[in-house]
Amino acid sequence: MPHMIVRGISVLDIQSISSALIAELAEVCDCGTDNFMLECLSTVSIFEGEICATYPFIEVGWFERGPEVRDAYAGVLTKHILSLGIPEVEIAFKVYKEDSYYWNGKLV
Amino acid sequence: MPHMIVRGISVLDIQSISSALIAELAEVCDCGTDNFMLECLSTVSIFEGEICATYPFIEVGWFERGPEVRDAYAGVLTKHILSLGIPEVEIAFKVYKEDSYYWNGKLV
Amino acid sequence: MPHMIVRGISVLDIQSISSALIAELAEVCDCGTDNFMLECLSTVSIFEGEICATYPFIEVGWFERGPEVRDAYAGVLTKHILSLGIPEVEIAFKVYKEDSYYWNGKLV
């Protein structure tokens, strides 16, 4: 944790920013860089009957860390995505609860 | 928003209903048709050791709009899916919170 | 329901455990084996600029069943995954609400 599931941005683009991005997010979250999962997910988007480009969207799965960390996290993530020349990105946080998250069968 | 992530239904099927579906959902939600994301997601489903067809399932990610809009949304979406000759579909709503959803780094 | 979306574990591995896994989970949940959806989802994971193996992760979507059933569910699922020789797996539960889950347009 946190997990980032990226849609609508290429693997190559994400590769190019991943080291700097994760280093900065680790500072924001005060945790190690190896706590993060960064994954690109392919989908086929459809608009008006045609296949179209998927809108850049990142879902962040994490334990709630409060509004300041969340704002900072979204700010860092957005900054790196926009640095790719992508004009718009949306980020949604999905909260996992500590009592419902297991590592090797044990609550974390 | 809203986002629809479709599993177990072909891209061609979704293309064939997308314009009429989104037009009707935009009326239900009282918003523009370009607010919607409609995406097909491929998964490999397994039952009793064998790869099998994925059950038709749509996850709708949105801000909570209350039971009447939700029922109407599910009704419209179901009607269009069943019109494809698909006998069953399940729809689950996943609620994003306004304080955890960012457009270009700003809360929406 | 429940749904399991598996990342970072091969389809063949999941096929090899699926029958015994689902049989045991059906006992834990006191429901039929055909209530489950078990799906492998491909993502491309990135770490330090390189594509890497996706960390074994399973998201379980279900209606809340309380801590005892949840612990038992995570225990059974973990046991079968570790039996594959996979050293670590994380499992997160995502709760759907009965008032937001539709089968063929009707609340279930």
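In the predicted model, an open sheet of eight strands is built from three chains, in the order β4(A)-β3(A)-β2(B)-β1(B)-β5(B)-β6(B)-β7(C)-β8(C). The pairing within this sheet is mixed. Its edges are formed by β4 (50–52) of chain A and β8 (106–107) of chain C. Each of these edge strands has a single partner, so one side of each is left without a neighbour in the sheet. Strands of a sheet pair through backbone hydrogen bonds, in either the parallel or the antiparallel sense. Within the part of the sheet supplied by chain B, β1 (residues 3–7) and β5 (residues 57–63) run antiparallel and are joined by five bridges. In this pair, B:Arg7 lies opposite B:Phe57 of β5(B).

Chain A contains two helices and eight strands. Read from the N terminus, its elements follow the order β-α-β-β-β-β-α-β-β-β. The C-alpha trace of chain A extends over about 45 × 30 × 25 Å along its principal axes.

Two copies of a chain are related by a rotation about an axis and a shift along that axis. Chain A is superposed on chain C by a rotation of 120° with 0.0 Å of shift along the axis, at an RMSD of 0.0 Å. This is the relation of a three-fold axis. The C-alpha of chain A nearest the axis belongs to A:Ser42, at 4.7 Å from it. For chain B and chain C, the superposition likewise takes a rotation of 120° and 0.0 Å of shift, with an RMSD of 0.0 Å. The copies use different surfaces, as 4% of the contact residues of chain B recur in chain C. For chain A, only 4% of the interface residues are also interface residues in chain C, so these copies too meet through different surfaces.

At the interface of chain A and chain C, 24 residues of chain A are in contact with 28 residues of chain C. The two chains bury about 2300 Å² between them, and 52% of this area is on carbon and sulfur atoms. Of the area that chain A buries against chain C, 26% is supplied by A:Glu39, A:Tyr102 and A:Asn104, more than by any other three residues.

Polar contacts across this interface comprise 19 residue pairs in which both residues have pLDDT 80 or more. On the side of chain A that touches chain C, the elements giving two or more residues are β1 (3–7), α1 (11–29), β2 (37–40), β6 (90–96) and β7 (101–103). The most is given by α1(A), with five residues. By type, the residues on this side of chain A are 12 nonpolar, eight polar and four charged.

Three salt bridges are found across the interface of chain A and chain C. A salt bridge joins the side chains of C:Arg70 and A:Asp99, with an N to O distance of 3.7 Å. Strand pairing also links the two chains: β2(A) pairs with β3 (residues 44–47) of chain C in the antiparallel sense over two bridges. In this pairing A:Glu39 is placed opposite C:Ser45 of β3(C). A:Glu39 is also one of the three residues that together supply 26% of the area buried by chain A against chain C.

Conventions: Residues numbered from 1 in each chain as written. Chains lettered and ligands numbered in written order. Predicted model: local features only at pLDDT ≥ 70, side-chain atom pairs only at ≥ 80, totals over all residues. Heavy atoms only, no water. Contact = heavy atoms within 4.5 Å. Buried area = accessible area lost by both parts, 1.4 Å probe. Salt bridge = Lys/Arg side-chain N within 4 Å of Asp/Glu carboxyl O. Polar contact = N/O pair within 3.5 Å; in protein donor to acceptor, adjacent residues only side chain to side chain. Helix = DSSP H or I, 4+ residues; strand = E, 2+ residues; numbered from the N terminus. Nonpolar A, V, L, I, M, F, W, Y, C, P; charged D, E, K, R; others polar. Pairing = 2+ DSSP bridges. Least-squares fit on C-alpha atoms with pLDDT ≥ 70 in both.
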